[in-house]
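Q: I have a model open in the viewer and would like to learn how to read its surface and its confidence values. Where do I start?

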Amino acid sequence: MDRFTQMKKRFGFCFLFSFWLTSAAYAEEKALTFAAPSKALAQDTATKNGWWTVGLETANNASFFGRNTAQQYPYIAASLTYTHTSGLFISAMSYQLFNTEDFIDETDVSAGYSFKIGNRFDGLVSYSRFFFGPNTPLVKSVTSNAATASGTLDWKYLLTGVTASYIFGGSSDLFTVLDNSRYIPLQNLWKGKNPVGIDPKISIIAGTQEFAETHTVETQKKKKGLGTVLDPLNPIGNGNGNGNGNGNGNGNGNGGTTTTSTTTTSTRFKVLNYSITVPLVFSLYNVDIEPAYRFALPVNRLEGDESKAQSFVSLNLSYTF
């Protein structure tokens with residue numbers, strides 16, 4: 001392990017630990033996300049024009065609409081969001097992957113509008129712009145923009161959400177995500193004062209796969225002509241390198257074959273991923289702490305796509321003021 005990678009890991013751990021300490025020390029109100037403001041916070045901020053949310057997230061790997069790299073890339077990400085009382089919001093989030101050459105591997109900037117219809121429906125529309133480091137291995141790096149619309153309906157027994165996203169710039173794809181969840185409070189079991197509960201969710205992702213095809217081809221081109229920047233994605237001898245499934249594992253023989261064999265299927269709208277997520281949600285004044293476990297099963301993969309069933313473990317912290 002080189003000195004730069006060691007420095008990135010130490011910085012990530014120190015950043016996570018210091019954020020947890022400062023958030024707990026200055027907690028005064030209940031936290032929220034911009035997409036779903038709480039009634040308590042709405043009352044507390046009745047005299048304000050809006051509120052800020054600082055967030056921190058860490059996980060053992062990243063994925064993009066059900067697709068991931070063969071090698072896991074643990075990461076840490078920091079975000080800052082401003083939400084106006086009208087529902088308008090703007091947000092920025094930066095990711096640092098461990099074991100990569102770039103100090104900042106990805107930065108996302110988003111703007112949008114959240115709204116409510118009645119007491120049971122929440123809606124959201126947004127636009128996001130993605131920026132990536134020159135050596136990032138992320139599947140998401142083959143695109144640069146996303147337009148999203150989503151809605152959630154609380155019909156008592158379940159909270160059902162539907163999201164439609166169109167990504168463009170580099171590759172163009174359309175996705176839909178169906179979520180079904182239900183928050184289960186736990187603090188009543190021991191008469192606790194602070195809200196705590198689990199929020200299990202089942203998700204189905206469907207869409208086209210031009211992004212997955214493009215990432216496979218670009219990875220092979222870089223391995224063939226630009227050295228070993230992305231070699232950790234596809235170690236020699238793993239049988240996937242050339243994208244045609246013939247098991248030669250050299251990763252440098254026929255990137256063009258991958259393009260030809262998958263073009264006709266990458267634009268078909270199919271189910272891409274099934275997943276189940278079990279987060280534990282804990283609120284302490286204006287700090288939210290959310291460790292979570294997610295199991296994701298990719299289906300209908302293109303040739304050369306190295307995505308596989310994986311378990312994801314994450315921790316999200318947010319502080320609202």
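Q: How many Å² of accessible surface does the protein have, and what percentage belongs to carbon and sulfur atoms?
A: This is a predicted model, and its accessible surface is about 16,400 Å². Carbon and sulfur atoms account for 62% of that surface.

Q: What percentage of the residues count as buried?
A: The protein has 321 residues, and 42% of them count as buried. Its secondary structure consists of four helices and 14 strands. Of the contacts between residues at least 6 apart in sequence, 58% join residues at least 24 apart.

Q: Which residues form a nonpolar patch on the surface?
A: The patch has about 900 Å² of accessible area together, and its members include Val162, Leu178, Ile202, Tyr274, Phe295, Leu297 and Val313. Strands β11 (201-207), β12 (270-284) and β13 (287-298) each give two or more residues to this patch.

Q: What is the mean pLDDT of the protein?
A: The mean is 77, and 69% of the residues reach 70 or more. Over residues 7-40 the pLDDT is below 50, although this stretch has 72 contacts in the model beyond near neighbours in sequence. Residues 226-264 also stay under 50, with 62 contacts beyond four places in sequence. Where pLDDT is low, the predicted coordinates should not be read in detail.

Methods
Residues numbered from 1 in each chain as written. Predicted model: local features only at pLDDT ≥ 70, side-chain atom pairs only at ≥ 80, totals over all residues. Heavy atoms only, no water. Patch = residues over 30% accessible without salt bridge, like charges linked within 9 Å, V, L, I, M, F, W, Y side chains within 5 Å. Areas by Shrake-Rupley, 256 points an atom, 1.4 Å probe, with all protein chains shown as cover. Salt bridge = Lys/Arg side-chain N within 4 Å of Asp/Glu carboxyl O. pLDDT = per-residue confidence, 0-100. Contact = heavy atoms within 4.5 Å. Buried < 20%, exposed > 50% of the residue type's maximum accessible area, 1.4 Å probe, protein only.
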